[in-house]
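Open the model in your viewer and keep the selection panel at hand. The stops below say what to select and what is there.

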Amino acid sequence: SVRGLAAGPETHFGFQTVTEAERREKIYQVFESVAKKYDVMNDSMTLGIHRVWKDILVHKMNPSPGTLLLDVAGGTGDIAFRFINYVRSVRERQLQRKLKHHQNLSWQEISESYKEDKLKSLGDSQVVVCDINKEMLKVGKQKAQHLGYSEGLSWVLGNAEELPFDDDKFDVYTIAFGIRNVTRIDLALQEAYRVLKPGGRFLCLEFSHVSNPLLSRLYDLYSFQVIPVLGEVIAGDWKSYQYLVESIRRFPPQEELKAMIEDAGFFNVDYQNLNSGIVAIHSGFKL
Amino acid sequence: GRACLSRTEPRARDGRSGEEEEEEEGCYQLYPGHIPTSPLQKALLAAGSAFMALYDPYRHDMVAVLGETTGCLALPNLRDKMKHHPEGYRILQERPRIRLSTLDMARLQALPDGTLGREYVRFLEDNKVSPDTRMPPKFVDDEELAYVIQRYREVHDLMHTLLGMPTNMLGEVVVKWFEAVQTGLPMCILGAAFGPVRLSARKLQLLATELVPWAIRSGRNANCILNVYYEERWEQPVESLREEIGIFPPP
């Protein structure tokens, strides 16, 4: 219809049909509304299991000191903080090993080398948290301050479909529970490819599809009956969590997402199901 | 009320679960703000809101949700009481709303002391409350009953005025006792029973010996409070209105 053409291409918002512009606006509002209760709700809805999923993602990444990470849709900083912790502990072990080998040095020499390394407790690793939503970034920054994260951490307001970064910049690109909310997934994947260095890795952690029929029914029941209620009781916001569960159903399943990642130019694309497919980690490399 | 679809047919990948979900919940939005819910969701909401209302007394929205999810017997009762009373019937037809945009605050303030209008405005100012903070109903699956619960909420401040009770915990509990007897809403009954939990011993004693017995007696004696067209009675002295309804003078 004429109105349709004028308003823009159609897409979905949960189970509703909307234009792309409307979808972006609605999603922005959802995250503006949930930002303050985001972490509490994640813990309640997943009974804390989301923490394990995120730990697994960072372990799979296995970053070494000196890695430059771009965490897109990183909002409240969960992946960024885990990255910093991981790199710090790897760095500590490195330093310990180094010290052991230097046991024949004089006290002065040891303390000097220690001071030098102290300055690089992260070993030049850096993480840039990029999110399109100001409220989510605000919560993330507050959390960082509260938890004492400052070194090697930057916060950038940006759109996954059009990243404010130059080509070939990052070693790793992660997007955890964010790609589902992107309106043009193909563009986000292309941008991911662009900003990664050759040899860089793409990692996506996202809700996916459960193939086991019994589990799928239980999961649906829980999703549609319990989660919006949790949203209303804890966050006073039924509709945002109704959107959440609907958007999960709308998102492409494992194989389809794998194909989309390959289309963007990534090689060696694979995925790992967590909890029978409730969540999946997709991985790809830029060569 | 008119029924209109709140969601278009889902073109979900897993169409089965989407359709099933719609069948369970009745996919029609009956009034603006209506969220259709399944019986299971209502039960979970009732339990969750009851817990949250006790845990965090500032969550007035939870008290509202509790009222909506547990009122399925009391609300039709109230509606019928209104239908069978001339003034109540007119209220159901005309659907007056008490909010800042419909009230002429200047006129009410200018009324003589002791009139309903003047005392109501005084109550709002003293307690720093506004009629516009009442939650609109979301989980009531009948458009007329949604109005009934909305009217009950908007009339609540007038109850405070007629009973002479402030908006502190003690005053609210007393009003809840009165409303529990009057409406039979489980939310009022629960509020009346559990509200006192957070009160000091001295207040509890006052509550038990004087205030609650008076609230119960008044509640029993009085006509249905939803059957009074308050908007036509601003000029009426509070005492005269109390007598007319059947509320005994406050202790």
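**Stop 1: a helix pair in chain B**

Select α2(B) and α3(B): the two pack at an angle of about 145°, with their axes 8 Å apart. Axes here are lines fitted to C-alpha atoms, for helices over the stretch in contact, and angles run from 0 to 180 degrees between N-to-C directions. Helices (H or I, at least four residues) and strands (E, at least two) are DSSP runs, numbered from the N terminus. The crossing of α2(B) and α3(B) is left-handed, a term used if the near helix is turned anticlockwise from the far one by less than a right angle; clockwise is right-handed.

Next, show side chains. On α2(B) the contact (heavy atoms within 4.5 Å) is made by K42(B), L45(B), A46(B), S49(B), A50(B), M52(B) and A53(B). On α3(B) the partners are M62(B), V63(B), V65(B), L66(B), T69(B) and T70(B). By class, this contact has nine nonpolar, three polar and one charged residues. Ala, Val, Leu, Ile, Met, Phe, Trp, Tyr, Cys and Pro count as nonpolar, Asp, Glu, Lys and Arg as charged, and the others, Gly among them, as polar.

The model is predicted: local features need pLDDT of at least 70, side-chain atom pairs count only at pLDDT 80 or more, and totals for chains, interfaces and linings use all residues. Residues are numbered from 1 along each chain as its sequence is written, chains are lettered from A and ligands numbered from 1 in the order in which they are written, and side-chain values use heavy atoms, with hydrogens and water left out.

**Stop 2: the largest pocket**

Select P57(B), H60(B), V63(B), E172(B) and K176(B), which lie nearest the centre of the largest pocket among its 31 lining residues. A pocket, on a 1 Å grid over the protein atoms alone, is an open set of points where a 1.4 Å probe fits, with protein on both sides within 12 Å along at least five of seven lines; a cavity is a set from which the probe cannot get out, and lining residues have an atom within 4 Å of a point. The elements of chain B that give two or more residues to the lining of the largest pocket are α2 (39-55), α3 (60-70), α8 (143-163), α9 (169-183) and α10 (186-194). Its volume is about 1,100 Å³, a volume being the space filled by probe spheres set on the points, with grid points joined across faces, edges and corners. The lining divides into 16 nonpolar, eight polar and seven charged residues.

**Stop 3: the second largest pocket**

Move to chain A, which has 11 helices and nine strands. The second largest pocket has a volume of about 540 Å³. Select M45(A), T46(A), W53(A), F207(A) and I227(A), the closest to its centre of the 31 residues that line the second largest pocket. By class, this lining has 22 nonpolar, seven polar and two charged residues.

**Stop 4: the largest cavity**

How many cavities of 30 Å³ or more are there? The count comes to two. About 470 Å³ of space lies in the largest cavity. Of its 30 lining residues, A73(A), D131(A), I132(A), G178(A) and N181(A) are the closest to the centre. α2(A) gives the largest share of the lining, four residues.

**Stop 5: one residue in chain B**

Select E119(B), in helix α7 (residues 116-126) of chain B. Not counting residues up to four places away in sequence, E119(B) touches D113(B), G114(B), T161(B) and V238(B).
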